[in-house]
Amino acid sequence: MNRPFLTAIILLSFCVPLCASGAVKSGDFQYYAELGTDIRGNAIYEVVLSHDILSKCSPGCANIRLLGPDGSEIPYVILNNNKSSDPPETHNLEVVRYEQLPDVSVIIVRSPIKDKPFSIIKLDTPDRDFQRKIRIRGSNDMMAWTLLTEDSIYDFSSQVDLRKTDIKFSPSPYLYYGIDLSSAGPSKDAGEKISLQYKDLKFSADNSANRELRIDRIQGQVPSAKNTDAVYDEAEFTQFEHYQEKDGETVFFLKTGLPAGEVWFVVSDPYYYRTVEIYGSDSGEKQSYRCIGREAIYRFPVAKDNETKNHITAASDKYGYYKFGIKNGDNPPLKLNSVKFRWLRRSLYFVALHDHRKYTLAMGSPSFEKPDYDLSKFINQGNRHLQSVQLLRTSGIMENPDFEPLSTIYVKDVFEKKALTLIVVVLVIGLCYWLYQLLKKSSGAKEQP
């Protein structure tokens, strides 16, 4: 094979990859939003990603691009507005006195630190199925006591996932804390049980005043000095497709394209305990859903309050479609009024390169993956709250008239793949022919005398 022909094949093999790679263009995206023009160069700006923007982009916001005034790609980083704080201090409290009276157990504990306020006392107990009233008192000399809070602790974990052994109160810097534990109801004979009942919902717990609650450890928690509350966004839905399965399960679907960090249910029923499963899918096809969360929601009275948990968490960045299954058992379906999605607010941060110029946020392209910019090394989740940033608002989401349809992109991809396959085939044939010629010449040279 002659050298010019081989050189042409090698050059041709690089042609398609080079043509396939190119700069980002505004026509690559289906939607866009314009940013405000009151922008100064070298300043850091924050753009809140509203639910309209999130619903238009891919999971993880991988196909969002920030375009400068000249159409160039501007580096950015997307971060969650999560809670930022120092971890709370937790200390073991020393038991200095314990007294078991007929109707109450009295425990006096001593703080190992001075002048630091505790706001939570945690009781570590191996016992299950109990309910107790609790009073927390504070003192510096064990003579004069101040009532800090009255609450209750309980455990019904053998029947439902419900347990509370932490007591919260206003931060109080006392040296001694008194813990008074008593039965949650009138005194009972030893071995007798109380029953927590609300209509058809029943739980039981040993409420005997003569039965001591075993406590392995008592801890106090000092609140964090630096605390920035997390910021959440939400969207509520009152219309959704639902139907009843043969086994009594209520199933309903939502097309949102939003993150499902927390899903809240507004239910009219006065009491209930139901297991809820949540599934996510990008396409909405029947076989494409996968389970991303399974928890119980409930409402029933405990002590003097109603114990309520009406939300579940989901291990989901975001899906286009969600399916929910509520396990009703033999109970009538819940009266579901609305479903609310709640997620940590997401913001886009970037450093402006120009003064008073137009920036464009483009999204909705199916052909782009998540970018890797150097900016993420300097602005990250750990130091986000320390940055001096300015909030920048966006215009409404607009359709891009120059967007190239998805089918055209697929045609390009198919053409490029076929062209590359053809080049590889030609290369293989050419190399085989070249090797054949070498072998032929070699064998001919051996046959000569």
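Some ground rules: residues are numbered from 1 along each chain as its sequence is written. Because the model is predicted, local features need pLDDT of at least 70, side-chain atom pairs count only at pLDDT 80 or more, totals for chains, interfaces and linings use all residues, and side-chain values use heavy atoms, leaving out hydrogens and water.

**Exercise 1. Find out which element has the lowest mean pLDDT and which the highest.**

Step 1: pLDDT is the predictor's confidence in each residue, from 0 to 100.

Step 2: check the whole chain. Its mean pLDDT is 80, and 81% of its residues reach 70 or more.

Step 3: go to the elements, which are DSSP runs numbered from the N terminus (helices: H or I, at least four residues; strands: E, at least two).

Step 4: Over residues 3-21 the pLDDT is below 50.

**Exercise 2. Work out which parts of the chain the pair glutamate 34 and lysine 358 ties together.**

Step 1: name the link. The two side chains meet in a salt bridge at 3.7 Å, N to O. That term means a side-chain nitrogen of Lys or Arg within 4 Å of a carboxyl oxygen of Asp or Glu.

Step 2: Glutamate 34 sits in strand β1 (residues 31-34) and lysine 358 in the loop between β30 (346-351) and β31 (360-363), so the pair joins parts 324 residues apart in sequence.

Step 3: zoom out. The whole structure has 18 salt bridges.

**Exercise 3. Decide whether lysine 377 and aspartate 372 are buried or exposed.**

Step 1: recall the cut-offs for relative accessible area: buried is under 20%, exposed over 50%, partly exposed in between (1.4 Å probe, protein chains only).

Step 2: apply them. Lysine 377 has 54%, so it counts as exposed. Aspartate 372 has 66%, so it is exposed too.

Step 3: see how they pair up. Their side chains meet in a salt bridge at 4.0 Å, N to O.

**Exercise 4. Name the residues with the most contacts inside the largest nonpolar core.**

Step 1: define the core: buried Ala, Val, Leu, Ile, Met, Phe, Trp, Tyr and Cys residues joined through side-chain atoms within 4.5 Å.

Step 2: read off the answer. The largest core has 48 residues, and Ile64, Phe265, Phe341 and Phe350 have the most contacts inside it.

Step 3: spot the other one. A second, separate core of 19 residues includes Val109 and Ile136.

How values were computed. Contact means heavy atoms within 4.5 Å.
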